[in-house]
Amino acid sequence: MSEFSQVLEAVQALEKKLSSLEDARSKEGANLSDIEKKMSELGDEQVKLARQLLAVEQKSTAKLADGQKHMTLGQRFVESDAFKSFKEGKITKATLAAASPVTTPAGSVPVDYQGIKGEPELPNVVAYAFARVPTTSNAISYLKENAFTNSAAETAEGGDKPGSKMEFTEADAPVRTIAHFIRVTKQLADDAPALAAYINSRMMYGLNRRIEKQLLNGDGTGSNLSGIFKTGNFTAHGFTEDNMQATDTILDLIRRCAATMRKSGYTPNVVFLNPMDFDTLRGMKDTNGNYLMGSPLQAGTDIRPWGLRVIESPEVAEGKFMVADTVMGATIYDRQAPVIEMFEQDANNVTKNLYTIRCECRMAFAVETANAFIGGDLEIGAGSAG
């Protein structure tokens, strides 16, 4: 087990203990002095664990070409004037918003270094597949093209010109808030560097994981985004034994989906897969026992079936896949970049010596055309013969 894994497990266990003590404190007849003493001891332990998280983070901190150190969101927060004023009691809420979204070249490393990268943390890669556009609105209205009949043709002089036809449907993508909060002891807040590590490893990671889930599987109801796997946002591949070769495999299925998109004028650039399904593709062999996707020593990031970049996510259900033109197919609209806020006046924080830290963002996700997403079940359907 890695050093980060051990520290993270200890943090999780400590959080459970704090929660249990809070429950015990609210019960009638509780020994308040004993509980207060135990909570104080756990608060000191929380500080020690947070410092260990900081130490792990410092080992992996990247540096810019000019020698300047990357600043994580948590580090910027604890070094901000707002946080200092909050600690001095001048204000009751400290706020720091992340920098406005920026466009980066395809395939480049994201500008903001996200801090701790340990084994328990899954990569959050889905959001980087889509274009991001800032917005000041609470809802995005757009037109989805349903059909285009191209009747362009040569026309004799004086003759009637043929008319083409376009069909559109008006659609809306409301801005949704994605957020969560956590309570920490004042002892932890007094140790600013440790607080920076704690914020980055717990709050931003949790927010990004939920965003990934919504972009893929959000059902569009209530406060959910409408993800690419939602019915109506993609085109089912429709390939069966009747229109595929008898020797074709799921690798050929992905190829045919990409070809179908190219036939419609789109440029497929990625395929979304569950890690287990991608592993199945990597393990496929020819009749001589050779791996189809190269040497087992080849890095997974170098494998591009049919030229498509593989985006692995555990949020993609096993047995499902999606070939996509993410440039033409969908757009993320950022209403509010991730924000870290700290409150003392929340619930009974004052009496329990706690602070509430909230992390949230506001965004909309518009799937502009279902024709830019082809997928569904990662299998060739049964033919008419059975």
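**From surface to core**

The accessible surface of the chain comes to about 20,700 Å², and carbon and sulfur atoms hold 49% of that area; the method is Shrake-Rupley with a 1.4 Å probe, and for residues only the protein chains shown count as cover. The model is predicted: local features need pLDDT of at least 70 and side-chain atom pairs pLDDT 80 or more, while totals for chains, interfaces and linings use all residues. Residues are numbered from 1 along each chain as its sequence is written, and side-chain values use heavy atoms, with hydrogens and water left out.

Of the 386 residues, 42% count as buried (under 20% relative accessible area, 1.4 Å probe, protein chains only). The chain has 10 helices and 12 strands, which are DSSP runs numbered from the N terminus (helices H or I, at least four residues; strands E, at least two). Among contacts (heavy atoms within 4.5 Å) with a separation of 6 or more, 77% join residues 24 or more positions apart.

Helix H7 covers residues 250–263. Its 14 residues should span 20 Å at 1.5 Å a residue, and the end C-alpha atoms are 20 Å apart, which agrees; the expected span is 1.5 Å times one less than the number of residues. Buried residues of H7 include Leu-253, Cys-257 and Met-261. An α-helix has 3.6 residues a turn, so residues three or four places apart point the same way. The cover over the buried residues of H7 includes strand S7 (270–273), helix H8 (275–282), strand S9 (320–324) and strand S12 (373–377). Just after H7, Gly-265 has a positive phi of about 95 degrees.

An open, mixed sheet of 5 strands has the order S6-S12-S9-S7-S8, where pairing requires at least two DSSP bridges between two strands. Strands S6 (235–236) and S8 (309–312) are at the edges with a single partner strand each, so one side of each has no neighbour in the sheet. S9 and S12 are antiparallel over 5 bridges, and Val-323 has Ile-374 in S12 as its bridge partner.

The largest nonpolar core has 76 residues, and Phe-130, Ile-228, Phe-272 and Phe-373 have the most contacts inside it. Such a core is a set of buried Ala, Val, Leu, Ile, Met, Phe, Trp, Tyr and Cys residues joined through side-chain atoms within 4.5 Å. Helix H6 (residues 192–217) gives this core its largest share, 12 residues.

Methods:
Buried means under 20% relative accessible area, exposed over 50%, partly exposed in between (1.4 Å probe, protein chains only).
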